[in-house]
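Thank you all for coming, and please have the picture open while I talk.

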Amino acid sequence: MNIQNLRDAASAAMPDQNRTAREWLQVLAKYRDPDPSRSTYELLVTMVPFISIWAVALWVLQYSGLAAFALGAVNGLFLVRLFCIQHDCGHASFYANRKVSDWVGRSLGVFTLTPYHVWRRQHAIHHSAAGNLDMRGIGDVTTLTVDEYLARSRFGRFMYRVYRSPFTLFLLGPAYIFLVQNRIPYGLMKSGASFWISAMGTNAALLAGVATLVYFGGWTPLLLVVLPTWIVAASAGVWLFYVQHQFEDTHWRKNEEWQLHEAALAGSSHYVLPKPLQWFSANIGIHHVHHLYSRIPFYRLTEVIKEHPILDESQRMTVSESISCARLHLWDESQKKLLSFRRAHAMYLAA
């Protein structure tokens, strides 16, 4: 028996509940290989309905603006799934061939308003620093500690409260990020020409598509069909990202205490969605497994939790439970919990 077989045997013999986050890597490695036929199927069953719904909505628009608007909004769910496929392409987990993954990702980036090369780098930073209090700022939701919040001026606290409000986080913010911020390589503007090429190339393709639509149909199709798709997808996507890391017992540590694999597993939720929403979100709710081993294709994440029940039970969060996450705002380093403004005020400001 060779060394790898010995390791596999030892890994299989170890009870799941006794594994450390790092030891889980060897267990999860067997799920990493994508099936190109399955990947192509998942792409087609998402892209074909997405284009078809837009086409039907544009046809319906001549009879009912409200019906066209509703179809455009519903199509936002398919756009979320396309973004999740683009996300897998960025992790090289959708196709084994990296060039194929990258070109699929670039193409989808035009529909998702996301320059692929820029997003891929930002997301890699997020994965490499998630939960590290000393490396916040790129690819995450801005989160202050209680001490940082208390050290701010009254105006600074007010602005942070505005930022953390549901209206900003889940409506205004997503629209701004995808419609405006993504038009430049935000956060990477001095990191090389490739990021500018990615952003400007995506902008050019996007502009060509919008100009064609407006030329043949005017502004109404853009405003009543396409824009609702983008807004719904942006808000839903940001909500998913938010609850996957912003829950009460999430994991934040100073750099000297931070460990990559532990932060990945403990700092990401398992968002248990109804089956239709799980499909539209491409299993991204199984986020703790994804963060620990990002090379696993989204369609194999369900295999992982089915075969390892302890991962199925870890960090579980239902839709109803997730609503309370919107009321969490500050990281308390002493309790290692996210707190609401009200609770932080009662514990620290009123003392």
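Let me begin with a question: does N283 count as buried or exposed, and at what relative accessibility? Before I answer, please keep in mind that this is a predicted model, in which local features need pLDDT of at least 70 and side-chain atom pairs count only at pLDDT 80 or more, while totals for chains, interfaces and linings use all residues. Residues are numbered from 1 along each chain as its sequence is written, and side-chain values use heavy atoms, with hydrogens and water left out.

Now the answer: N283 counts as buried, because its relative accessibility is 10%, and buried means under 20% relative accessible area, with exposed being over 50% and partly exposed in between, for a 1.4 Å probe and protein chains only. N283 lies in the loop between α13 (275–280) and α14 (287–292), where the helices are DSSP runs of H or I with at least four residues, strands are runs of E with at least two, and both are numbered from the N terminus. The phi of N283 is near 60°, a positive value in a residue other than glycine. As background, most residues other than glycine have a negative phi, and most peptide bonds are trans.

L113 also has a positive phi, near 65°, and is a residue other than glycine. L113 is found in the loop between α5 and α6, and with a relative accessible area of 3% it is buried.

P115 has its place in the loop between α5 and α6 (116–129), and its relative accessible area of 2% makes it buried. Although P115 and R183 are 68 residues apart in sequence, their C-alpha atoms are 7.8 Å apart in space. If we leave aside neighbours within four places in sequence, P115 is in contact, meaning heavy atoms within 4.5 Å, with N182, R183, S198, A199 and T202.

Let us turn to R81, which is found in helix α4 (residues 65–90) and counts as buried at 2% relative accessibility. The side chain of R81 makes a polar contact with the side chain of E42 at 2.8 Å; a polar contact is a pair of N or O atoms within 3.5 Å, where within protein one must be able to donate a hydrogen and the other to accept it, and residues adjacent in sequence count only if both atoms are side-chain atoms. Not counting residues up to four places away in sequence, R81 touches E42 and several others, including W279, F280 and F298.

My last topic is helix packing. Helix α3 (residues 36–60) and helix α11 (residues 219–243) pack at an angle of about 150°, with their axes 10 Å apart; axes are lines fitted to C-alpha atoms, for helices over the stretch in contact, and angles run from 0 to 180 degrees between N-to-C directions. The helices α3 and α11 are therefore roughly antiparallel to each other, a label for angles over 145 degrees, whereas under 35 counts as roughly parallel, 65 to 115 as roughly perpendicular and the rest as oblique.

The axes of α4 and α11 come within 7 Å and cross at roughly 40°. Among the residues that meet there are G65, A68 and F69 in α4 and L224, V225 and P228 in α11.
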